[in-house]
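Subject: Structure handover

Hello,

Here is the structure we discussed, passed on for you to look over. My notes follow below it.

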Amino acid sequence: MIAVGLVIGLAFGLISGALFHILVMQNVALGVFSFLLPVVQPLLAIFVFPANAPLWVLTLLGILYYLLFNVLIFWIFTVLGQRSLVFPALPGRVAETSEQLFLHGFGFGTAATVNMVIWAAFPLPGPVSFTLAIIAVTPALAVIRPIRHNLFYQGILGWMAWVMPVSWLLNAFGFLLALVLGPMGLANYGRGAIRFDATAGVLEIRTPLGGGTTAFSNGNFTVLNGNNPAIAPGDFLGASVSSHEAGHSMDHSAMTGFFTLATVIEEIRVFGGADARAIGQITAESRGAPRATRFYTPIWSP
Ligand SMILES: [Zn+2]
C-alpha cells in the first residue's frame with residue numbers, strides 16, 4: 001500500500017505544486033509544468049477571492065486557502081491511518097497497517113513532486129531550478145524500507161527541508177520562535193541551551209516555558225521546556241526526547257508540513273491533546289532509538 005500511496009501522492013504533489021504558484025505566488029507561469037493548468041483550473045473555482053483586492057490580501061488569502069486545501073486532503077488519509085492502528089497492551093512496536101502505510105507513501109510522493117513543480121517554475125536561472133527540481137524528488141526514495149531506515153539518507157532529507165519551498169512555512173514559524181526563545185534559553189542555561197543536530201539538520205533550543213509544556217517541533221526547530229524535569233536533552237540518535245523531536249522534523253521533510261498539521265489535528269480530535277498513541281507521535285518516535293516507554297511504528301528505524 002505504501003507504493004499505491006506514493007503514486008497517488010506523486011500525482012497530488014503535481015496539483016499541489018501548481019496550486020502553490022497560483023494561490024501563494026499569484027503566478028500562473030508554470031514553465032515545463034504548464035500542462036497542469038487545465039487540470040487545476042476547475043479546482044480554482046472553490047477558492048473565492050474578493051474582486052479588486054490588493055495583492056497582499058490576495059497573497060494572504062492564497063496562503064490560507066493553500067494550507068487548508070492540502071491539510072484537508074492529508075487529514076482525510078490521516079483519519080483512516082489513525083483508525084487502523086492496533087495498540088499492544090504495553091508500549092513498544094505498533095504494527096504497520098495498510099491505511100497507515102498509504103498515508104506515509106502519499107506523503108513521500110507529495111513531498112517529492114510539490115517541491116519539484118515549485119522549483120521548476122521558480123524565477124531562477126534554468127540550471128539552478130532544474131538542479132533543485134531534481135533534488136526535490138529525494139523523499140520518494142523513502143518508499144523503499146532500507147533506504148528510509150538509512151541514517152545518511154535521513155540526514156539528507158532533514159537538511160533538504162531548509163531549501164525546499166513547501167517547508168519554508170513551518171520553518172519560518174520555527175525561526176521566529178527561535179529568535180524569541182533562543183536568547184531566553186541562553187540567558188537561563190548558557191551556551192548548552194542551543195544545540196545543532198547535524199544528523200537531521202535540526203536546531204534544538206532548551207528554554208524555560210510554563211506549565212506542563214514538554215517539547216515541540218516546528219519544521220527544523222525543536223523547543224524543549226527547561227522547566228520540565230522530565231524533558232532532558234539527550235543523544236540525537238538515542239532513546240531521547242531530542243531524537244523524538246528530530247523525528248517530527250524528519251516527517252516534515254519527508255511528508256511535508258501538511259502531514260505534521262493533519263496529524264496534530266487528528267491527535268486533538270481523537271485524544272483531546274498530546275497523546276503518545278497519535279499517528280504523528282508513533283512515527284516521530286521511530287527516529288533514532290525509540291524510548292522504552294513509548295509506542296512507535298517502524299518508519300524511521302526497524
Ligand atoms: Zn512528539
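Predicted model: local features only at pLDDT ≥ 70, side-chain atom pairs only at ≥ 80, totals over all residues.

Contacts between them involve 20 residues of domain 1 and 14 residues of domain 2. On the side of domain 1 that touches domain 2, the elements giving two or more residues are helix H3 (55-84) and helix H4 (98-120). H3 gives the most to this side, with eight residues. By class, the side of domain 1 that touches domain 2 has 12 nonpolar and eight polar residues, and no charged ones.

Next, a helix pair. Two packed helices are described by the angle between their axes and the distance between the axes. For helix H1 (residues 2-24) and helix H2 (residues 37-44), the angle is about 65° and the axes are 10 Å apart. H1 is therefore roughly perpendicular to H2, since angles of 65 to 115 degrees count as such. The crossing of H1 and H2 is right-handed.

Which residues make the contact? From H1 they are Ile15, Ala18, Leu19 and Ile22, and from H2 they are Leu37, Val39, Val40 and Leu44. By class, the contact of H1 with H2 has eight nonpolar residues, with no polar and no charged ones.

Regards

Key
Residues numbered from 1 in each chain as written. Contact = placed C-beta atoms within 7 Å. Helix = DSSP H or I, 4+ residues; strand = E, 2+ residues; numbered from the N terminus. Nonpolar A, V, L, I, M, F, W, Y, C, P; charged D, E, K, R; others polar. Axes fitted to C-alpha atoms, helices over the stretch in contact; angles between N-to-C directions. Parallel < 35°, antiparallel > 145°, perpendicular 65-115°, else oblique. Left-handed = near helix turned anticlockwise from the far one by under 90°.
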